[in-house]
Amino acid sequence: MTVLVASDLDRTLIYSTAALALTMPDPEAPRLLCVEVHESKPLSYMTETAAALLAELKEDPSVVFVPTTTRTRKQYQRIRFPGRPAPYAICANGGQLLVDGVPDRDWRRAVAKRLAQECAPLEEVHEHLLAVSDPAWLRKARVAEDLFAYLVVERALVPDEWLKALTEWAEARGWTISLQGRKIYAVPRPLTKSAAMREVARRTGATATLAAGDSLLDADLLLAADAAWRPGHGELADAAWTAPNVTALTEAGVAAGEEIVRAFGRAVATLTA
């Protein structure tokens, strides 16, 4: 049996300093391993235990570990997980499928064709984001991989009614809005992690799929897996979202990341016994 393990990264497996949620007394805090450096500064972490468990999981010949992220290829390539490199990675929320680190051009063309047929063009959405954003709280506006757009904002200053209106506007045009920390993502609804996961499962002959994620953009991935987990923080937890195949963890922050890797390991052991 081949088991595909597709996991979201930020606030699922890896955590910035602000997202660690180290609520225990300092002497009881877990030892951390830095797995990402950006502009010569440490950026993202796992617990050392989670890192060791992930390396062990990746060495299992029955497992295909697939990092699955909304990050661009460049942002993903900053991450250094322990153990051997993942043969497949899903970036740009499913818009880019990397095979041994190289973008799969056939997959990218298939994605572009579907987006052109099923939703409003990126240019229209990006222009709308710029037109309705307030300079008082907008810090950056970016387009990622020519696939989706996002804003970097001062979250406390963004009116809830503005976010609701943007969500309604986007949904009418086949797009999804997701708030993750200081970023507001606008992503085409057909651009999904689950579609890319299914493609990797087809190519590898995986007979079972496991997944984890914390945000609205991960919901389709979790629903598509045979078994899935979400941490006790994030958009899905805030909405009390769950499904029959999804385990809602109580752990939050970097402790949830460790528990997710443990859960993957237990599930793989059960499936391959």
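At what angle do helix H1 and helix H9 pack, and how far apart are their axes? The points below take this up first, for a model that is predicted.

1. **H1 against H9.** Helix H1 (residues 48-59) packs on helix H9 (residues 254-272) at an angle of about 30°. Their axes lie 9 Å apart. Angles under 35 degrees count as roughly parallel, and H1 and H9 are therefore roughly parallel to each other. Their crossing is left-handed. From H1, the contact involves Thr49, Ala50, Leu53, Leu54 and Leu57. H9 meets them with Glu258, Val261, Arg262, Phe264, Gly265 and Val268.

2. **The parallel sheet.** Five strands form an open sheet with parallel pairing, in the order E4-E1-E12-E13-E14. Strand E4 (63-67) and strand E14 (246-248) are the edges. Each has a single partner strand, so one side of each is left without a neighbour in the sheet. From one strand to the next, the twist averages 15°.

3. **E14 and its partner.** Three bridges join strand E13 (residues 227-230) to E14, in the parallel sense. Among the residues involved, Trp229 has Thr247 in E14 as its bridge partner.

4. **H9 over the sheet.** H9 also lies across strand E1 (3-7), E4, strand E12 (208-212) and E13. Relative to E12, H9 runs at about 170°.

5. **The main core.** The largest nonpolar core has 56 residues. Leu4, Phe148, Trp162, Trp175 and Ile184 have the most contacts inside it. Strand E9 (residues 148-153) gives the most to this core, with six residues. A second, separate core has 31 residues, including Leu9, Ala86, Cys91 and Leu98.

6. **Phe148.** Which residues does Phe148 touch, leaving out those up to four places away in sequence? They are Thr70, Ala92, Leu122, Arg142, Val143, Trp175, Tyr185, Ala186, Val187, Pro188 and Leu191. Trp175 is also listed with Phe148 among the residues with the most contacts in the core.

7. Strand E10 (residues 175-180) has five of its six residues buried, so the rest of the structure largely encloses it. E10 runs antiparallel to strand E11 (residues 183-188), joined by six bridges. Ile177 stands opposite Ala186 in E11. Two residues lie between the strands of this hairpin. Gly181 takes a positive phi near 65° there.

8. **H4 against H5.** The axes of helix H4 (residues 122-132) and helix H5 (residues 160-171) cross at roughly 160° and come within 12 Å. That makes the two helices, H4 and H5, roughly antiparallel. The crossing is right-handed. Glu124, Val125, His128, Leu129 and Val132 of H4 meet Trp162, Leu166 and Trp169 of H5. Trp162 is also one of the residues with the most contacts in the largest core.

9. **Glu127.** Is Glu127 buried or exposed? Glu127, which is found in H4, has a relative accessible area of 55% and is exposed. From Glu127 to Ala149 is 22 residues in sequence. Their C-alpha atoms are 9.9 Å apart in space.

10. **Arg203.** Arg203 is found in helix H6 (residues 193-204). It counts as partly exposed, at 30% relative accessibility. Aside from neighbours within four places in sequence, Arg203 is in contact with Tyr88, Leu97, Val99 and Asp104. Arg230 is 27 residues from Arg203 along the chain, and 26 Å separates their C-alpha atoms.

How values were computed:
Residues are numbered from 1 along each chain as its sequence is written. This is a predicted model: local features need pLDDT of at least 70, side-chain atom pairs count only at pLDDT 80 or more; totals for chains, interfaces and linings use all residues. Side-chain values use heavy atoms; hydrogens and water are left out. A nonpolar core is a set of buried Ala, Val, Leu, Ile, Met, Phe, Trp, Tyr and Cys residues joined through side-chain atoms within 4.5 Å. Buried means under 20% relative accessible area, exposed over 50%, partly exposed in between (1.4 Å probe, protein chains only). Helices (H or I, at least four residues) and strands (E, at least two) are DSSP runs, numbered from the N terminus. Contact means heavy atoms within 4.5 Å. Two strands pair if DSSP finds at least two bridges between them. Axes are lines fitted to C-alpha atoms, for helices over the stretch in contact, and angles run from 0 to 180 degrees between N-to-C directions. Angles under 35 degrees count as roughly parallel, over 145 as roughly antiparallel, 65 to 115 as roughly perpendicular and the rest as oblique. A crossing is left-handed if the near helix is turned anticlockwise from the far one by less than a right angle, and right-handed if clockwise.
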